Amino acid sequence: MQTTIKISGMTCGHCVSSVLEELSEVPGVEKVDVQLNAGGVSTADVTAETEPDPAELRKAVETAGYTVVDA
């Protein structure tokens, strides 16, 4: 199952690393692919066995220091 998260506040490769690290620790997450859009809205495609809890994904992004943009 794949989920896409929109994230604001990311500007560089370190931002990508932080988000990757935090999202990878969410239970059930198998793979994370982050597309950086410096100064705009970046995206993270999260692949998991079952649909991850949206609150857990949001918390992981916020722990990394960024903001989830609601569609």
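Visitor: Is Lys 6 buried, partly exposed or exposed?
Guide: Buried means under 20% relative accessible area, exposed over 50%, and partly exposed in between (1.4 Å probe, protein chains only). Lys 6 comes in at 38% relative accessibility, so Lys 6 counts as partly exposed.

Visitor: Before we go on, what kind of model is this?
Guide: Residues are numbered from 1 along each chain as its sequence is written, and side-chain values use heavy atoms, with hydrogens and water left out. Local features need pLDDT of at least 70, side-chain atom pairs count only at pLDDT 80 or more, and totals for chains, interfaces and linings use all residues, since the model is predicted.

Visitor: Which residues is Lys 6 in contact with, leaving aside its neighbours within four places in sequence?
Guide: Lys 6 sits in strand 1; strands (E, at least two residues) and helices (H or I, at least four) are DSSP runs numbered from the N terminus. Contact means heavy atoms within 4.5 Å. With those sequence neighbours set aside, the partners of Lys 6 are Val 41, Ser 42, Thr 43, Thr 67, Val 68 and Val 69.

Visitor: What is the order of the strands in the sheet?
Guide: Two strands pair if DSSP finds at least two bridges between them. Strand 1 and strand 3 run antiparallel and are joined by seven bridges, with Ile 5 opposite Ala 44 in strand 3. The open sheet has four strands with antiparallel pairing, in the order 2-3-1-4.

Visitor: At what angle does helix 2 run to strand 1?
Guide: Axes are lines fitted to C-alpha atoms, for helices over the stretch in contact, and angles run from 0 to 180 degrees between N-to-C directions. Helix 2 lies across strand 1, strand 2, strand 3 and strand 4, and its angle to strand 1 is about 35°.

Visitor: Within what arc do the buried residues of helix 2 fall?
Guide: The buried ones in helix 2 (residues 54-64) are Leu 57, Ala 60, Val 61 and Ala 64. Looking down the axis, they line one face of the helix, because they fall within an arc of 95°. That arc is taken from the directions from the helix axis to the C-beta atoms.
Their arc, then: 95°.

Visitor: And which residue caps the N-terminal end of helix 2?
Guide: Look for a side-chain oxygen 3.0 Å from the backbone nitrogen of Ala 55. The residue that supplies this oxygen is Asp 53.

Notes: A polar contact is a pair of N or O atoms within 3.5 Å; within protein, one must be able to donate a hydrogen and the other to accept it, and residues adjacent in sequence count only if both atoms are side-chain atoms.
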